[in-house]
Amino acid sequence: MSVTGDATERLMRIGEVARAAGVSVRAVRYYEQQGLLTAERSPSGQRLYRQDAIAMVRFFQQMFAAGLTSRRITELLPCWDSGHTDAGQRAMLRVERERLQARIDDLEAARDRLDQVIAITDTHP
């Protein structure tokens, strides 16, 4: 993600980004260390982010929750930024989607099993 942009855009400090995205300041720093997020620096050295950093951080959180690594997320960023992919990127996206769908299927099966246990225990208090 590039932080250079419209000169009139209000840049946000790291705490503002963290609060708006619902993460810790440490998480935002981690994303920057991993090369997922970039910041400009104020004259006093404070990190400054564009408004779209909030959406990016939320995206990172979703992808980490889905089990993707920071390396894999880095591979996804060009797709996010441009909206275009090459054959290799599309294949990677499909593999990740299939892996995620398998996790969803497993979670749904576990939920269904819990529903069965709840139904049994509701009839036999």
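## A55 in helix 3

A55 counts as partly exposed because its relative accessibility is 38%, where buried means under 20% relative accessible area, exposed over 50% and partly exposed in between, with a 1.4 Å probe and protein chains only. The residue A55 belongs to helix 3, which covers residues 53-65; helices here are DSSP runs of H or I with at least four residues, strands are runs of E with at least two, and both are numbered from the N terminus. From C-alpha to C-alpha, A55 lies 14 Å from I14, and the two are 41 residues apart in sequence.

This is a predicted model, in which local features need pLDDT of at least 70 and side-chain atom pairs count only at pLDDT 80 or more, while totals for chains, interfaces and linings use all residues. Residues are numbered from 1 along each chain as its sequence is written, and side-chain values use heavy atoms, with hydrogens and water left out.

## Overall architecture

The protein contains five helices and three strands, and from the N terminus on these follow the order β-α-α-β-β-α-α-α. The radius of gyration of the protein is 20 Å, whereas a compact globule of 125 residues would have a value near 14 Å; the radius is taken over C-alpha atoms, and the globule rule is 2.2 Å times the number of residues to the power 0.38. Along the principal axes, the C-alpha trace spans about 70 × 40 × 25 Å.

Of the 125 residues, 29% count as buried. Among contacts (heavy atoms within 4.5 Å) with a separation of 6 or more, 56% are between residues 24 or more positions apart. The accessible surface comes to about 8,300 Å², and 54% of it belongs to carbon and sulfur atoms, with areas from the Shrake-Rupley method, a 1.4 Å probe and, for residues, only the protein chains shown as cover.

## Annotated regions

An unreviewed UniProt entry carries the annotation "domain: HTH merR-type" over residues 11-79; UniProt positions follow the numbering used here, feature names are shortened, and annotations may be inferred rather than shown by experiment. In the model, the span 11-79 is 58% helix and 10% strand, and its end C-alpha atoms lie 24 Å apart.

The feature "coiled-coil region" is placed by UniProt, again in an unreviewed entry, at residues 90-117. Over residues 90-117 the model is 100% helix and 0% strand, with the end C-alpha atoms 41 Å apart.

Q89 lies in helix 5, residues 87-123, and counts as buried because its relative accessibility is 17%. Apart from neighbours within four places in sequence, Q89 is in contact with E75, P78, C79 and H84.

G67 sits in the loop between helix 3 and helix 4, the latter being residues 70-82, and with a relative accessible area of 42% G67 is partly exposed. With neighbours within four places in sequence left aside, G67 is in contact with R99 and R103. The C-alpha atoms of G67 and L100 are 8.0 Å apart, although the two residues are separated by 33 positions in sequence.
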